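Take a walk through this protein chain. Keep the structure open beside the text and find each place as it comes up.

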Amino acid sequence: MFSKSLVLTLLGFATAKAAEFPYTTLIRSGQPADAEYPFGTGVTAKMDKVLTNVLSGEDYGTWDPMFPDNKTTVEVSNNPDFFSILDAPDGGVIGFVHFESPNPSQIYALGLDQADDGSLKVTSTEPVDFSEYGGAWVLCAGSVTPWGVHLGGEEYEPNAAAFEKSSCLFDSQCEDSLQTLDPYSFGKTIEMLRYFDVYAEDGVTTLDDVKQVYDPYNYGWGVEVQPVSGSSGKGSKWYTTGRLSQELVYVMPNNKTVYITDDGTNVGFFRVELDTPADMSSGTMYAAKLEQKSAENGGDFGLSWVELGSSTQAELKATLDAGLKFSDIFDSVDPVNGTCADGYTSINQGGRGIECIKLVEGQENTAAFFEPRRYGAYLGATTEASKWEGFVYDPYTNKAYTSISDVRYGMEDNMKKGESDDTYDIGGPNAIKLPYNPCGCVYALDMDDNYVATSFTAALCGKPMEEDEDGNSCAFDGISNPDNVARIGKIILIGEDTSAHQNDMVWAWEPETGKLTRVATTPYGSESTGINLYEGKNGYSYLTHVTQHPYGETDTDLVGKDVNPSSEGPEGYVGYWAIPSSEDLEKVLFQEVPVPKTQEEKSKLNVAPIVNEIKSTSSPSSSSTTDSSTPSPMPEPTPSSSAMTLSTMGLLRSRERGMKHVRETLLTQTALIDRHSGEIKKKRERTKYR
């Protein structure tokens, strides 16, 4: 028979409820309204406030429909991208959030008050100064180094070759204008000029005016922020990470191997081996070369590495300060009928079609870091990938997972979205030959004992479907245009940046079983970003999630309360789940949220709480739902609305019925033990006084 102490222990276990940890919105763009710098406010090199651009529009200036077309309104970005929670020098925690657009990109330090229950409250908002580096450019995804500093990447680097070749700024001024030769980066360049208090005007501002303040080689680097107090940080750029369309810089657990993903069209995959662990000041740059083994189910590739060159931060800075030009690195000529002149190598990279280049003698190391994609292609590395996005390492399997947002263009075989077109393969090796998949894939990378990737294999792909009336063209039970990836325990979290799901989603994926759970949906027109895990923060772990530009990309007509009473506005959301460190993160479960159906559901941020399989009687915060859309003098953290499917509710009810049976059984056992103990006691007393 059970002992009573054992039964009571089991009874306590059976009576306890599973802990539930809700998602909490910490802050939204523009909050607090009365701060010196409301969250996301644009600032110049002089820390003055950036004004909206007089030349707003599709081709140049800011694209966000919420920005007025004038020069009198202070700009506040609705595009937060990555949120880190770091140890502060004073023993507390500090947050850093970088904003993707518009240029100049901003990074904000958030002073944080951490309560005993793990909840966070913003106490200050302060922009981080990047004036030493010419400001920050299109900051996208981020990570945190093993030694605890915030990293980000400047994506969609300006085309330095086009900048040097241009004779003027605007189309109206000449034929070979920067607007014509670098159409993709032109608008970002016009935006960036505002950092230097230059508001470009067509027919007035000249290219010489631009050259007084702007150098394309200042942008496309990995950026870092170190906490210097409980409310501020010091910004810097690492030239040793190479100048690319940097989506993400990720340092492996050995503190030595650094991966850089490259976002855009016809891009590559890069690795830096640091000379000294945890020291980013010197290293060797490599570019990946893929060898296709199969085209089925997203493809399977061998992966080798092409060494590009070695350098130091000091050497690269000296080269930049000396006034580097593209022609210092490469000689180039235009192709003729798709071929290059003798002595020139044809490459196809960056969505720019065929280029004919020749390395200037002695410029190997300069090319390796200032033009690593071009130089990688020149040496035979693969530059045919499309929108290489997130990256995360899984120590349980010694694999990394990385996302390709959509399988298209250079990844096809002389095709463009399934139609015959050699634009993205001409001049290159055509190493990748896959069927078009607009929904994208997550790939697994096998690692050797030194954390060097040796393979690249599709592990999870989205499933195209016939487009419905709301524009959904990827199946609802799968991913669509995967972007950020992160890990909690053995679960890989996948965030979407898609227009093929009307509402972007976040997924919890278990690679061992293949189980895929939808754990969040974002409002109309927004993007899911900033997913990352932070452990050991004064007794709590934090899983973060950011929602970028609600109503910014689609359904912009539904942002106003007058047409959509359920709208919570266009401001970005920054938030977290708080989990006590005593909980086993390998046991976490996510409740599932349904696909939004109604306008009200599509207008909200819907985030599932985390439930742990290890039973606990404590919870870090309330699970109530409140409206987080209204700015306050200093915003209070607010739990987000959440939902669970009928199947999940059924599971919980079934679990509750089972626990009820266990409790009833244990109570019966306790009563029997009490009765048996009483009978023994009476018998002993009769014997004693006999």
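A residue counts as buried when its relative accessible area is under 20%, and as exposed when that area is over 50%. Keep those cut-offs in mind. The model is predicted.

Start with Val-138. This residue lies in the loop between strand E6 (120-127) and strand E7 (139-144). Is Val-138 buried or exposed? Its relative accessibility is 5%, so Val-138 counts as buried.

Now compare Asp-197. It sits in the loop between helix H4 (183-193) and helix H5 (207-211). Asp-197 is not a glycine either, yet its phi is positive, at about 65 degrees. Its relative accessibility is 56%, so Asp-197 counts as exposed.

Next, look for cis peptide bonds. One runs from Gln-31 to Pro-32, with omega near -20 degrees. Pro-32 belongs to the loop between strand E2 (23-28) and strand E3 (80-87). Another joins Ser-101 and Pro-102, with omega about -5 degrees. Pro-102 is in the loop between strand E4 (93-99) and strand E5 (107-114).

Turn to the strands. Strands of a sheet pair through backbone hydrogen bonds. Strand E15 (residues 279-294) and strand E16 (residues 300-312) are antiparallel and share 12 bridges. Leu-290 faces Leu-303 in E16. Five residues separate the two strands of this hairpin, and Asn-297 in the turn has a positive phi of about 55 degrees. E16 also pairs antiparallel with strand E26 (residues 455-461), over three bridges.

Finish with an open sheet of five strands, ordered E27-E28-E29-E30-E35, with antiparallel pairing.

Note on methods:
Residues are numbered from 1 along each chain as its sequence is written. This is a predicted model: local features need pLDDT of at least 70, side-chain atom pairs count only at pLDDT 80 or more; totals for chains, interfaces and linings use all residues. Side-chain values use heavy atoms; hydrogens and water are left out. Two strands pair if DSSP finds at least two bridges between them. Helices (H or I, at least four residues) and strands (E, at least two) are DSSP runs, numbered from the N terminus. Buried means under 20% relative accessible area, exposed over 50%, partly exposed in between (1.4 Å probe, protein chains only).
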